[in-house]
Amino acid sequence: MIKRSFFALSRPRLTYDRLEPNPESPRTIAVPDILTLLLPEPIDDTRQALIRKGNAVKKAQKLSLYKDSTAYAISPVSGTIKSVDIFADGFNTIRTCITIEKDSDPEPEPAPLDISEDLSFAAGYM
């Protein structure tokens, strides 16, 4: 918060908390065996969904609920979708909850991308 004198006789100053002298180093947190992702789009029973219970998911795969959806989630692990259900948060916003069970096999390193400067290439990553 900037403190300023009422009469403007002193210069404004900015107060802040100082950092600790020896901060802790960051820790790596392992991904759990069962992972839950939230999509900010409700389920519509009248439309055909792209993701269903039992579908296989790859690491870094974009998960959209419908073909024309703009909302998506990116899977951080390879595995199998165990459930697709609705979720109501504290503000009564209806979302879609996707539960993924992680594969027990170690994940292979992804192949390097062949990047091109075409607009069609970039459209697949939006």
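Residues are termed buried under 20% relative accessible area, exposed over 50% and partly exposed in between (1.4 Å probe, protein chains only). The model is predicted, so that local features need pLDDT of at least 70 and side-chain atom pairs count only at pLDDT 80 or more, while totals for chains, interfaces and linings use all residues. Residues are numbered from 1 along each chain as its sequence is written, and side-chain values use heavy atoms, with hydrogens and water left out.

S78 is buried because its relative accessible area is 17%, which is under 20%. This residue lies in the loop between β6 (72-74) and β7 (79-88). Its side chain reaches the backbone nitrogen of K59 at 3.0 Å. A polar contact is a pair of N or O atoms within 3.5 Å; within protein, one must be able to donate a hydrogen and the other to accept it, and residues adjacent in sequence count only if both atoms are side-chain atoms.

The chain contains one helix and eight strands, arranged along the sequence as β-β-β-β-β-β-β-β-α. Helices (H or I, at least four residues) and strands (E, at least two) are DSSP runs, numbered from the N terminus. Buried residues make up 19% of the 126 residues.

Four strands form an open sheet in the order β3-β8-β7-β4, with antiparallel pairing. Its edge strands, each pairing on one side only, are β3 (34-39) and β4 (56-57). Two strands pair if DSSP finds at least two bridges between them. Antiparallel β7 and β8 (residues 94-102) are joined by nine bridges, and β3 is joined to β8, also antiparallel, by six. In β8, I98 stands opposite V84 and opposite L37. In a regular strand the side chains alternate between the two faces of the sheet. The covered face of β3 holds L35, L37 and L39, and the uncovered face holds I34, T36 and L38.

Beyond its neighbours within four places in sequence, I100 is in contact (heavy atoms within 4.5 Å) with residues including L35, L37, L63, V77 and I81. Of the contacts in the chain with a separation of 6 or more, 48% are between residues 24 or more positions apart.
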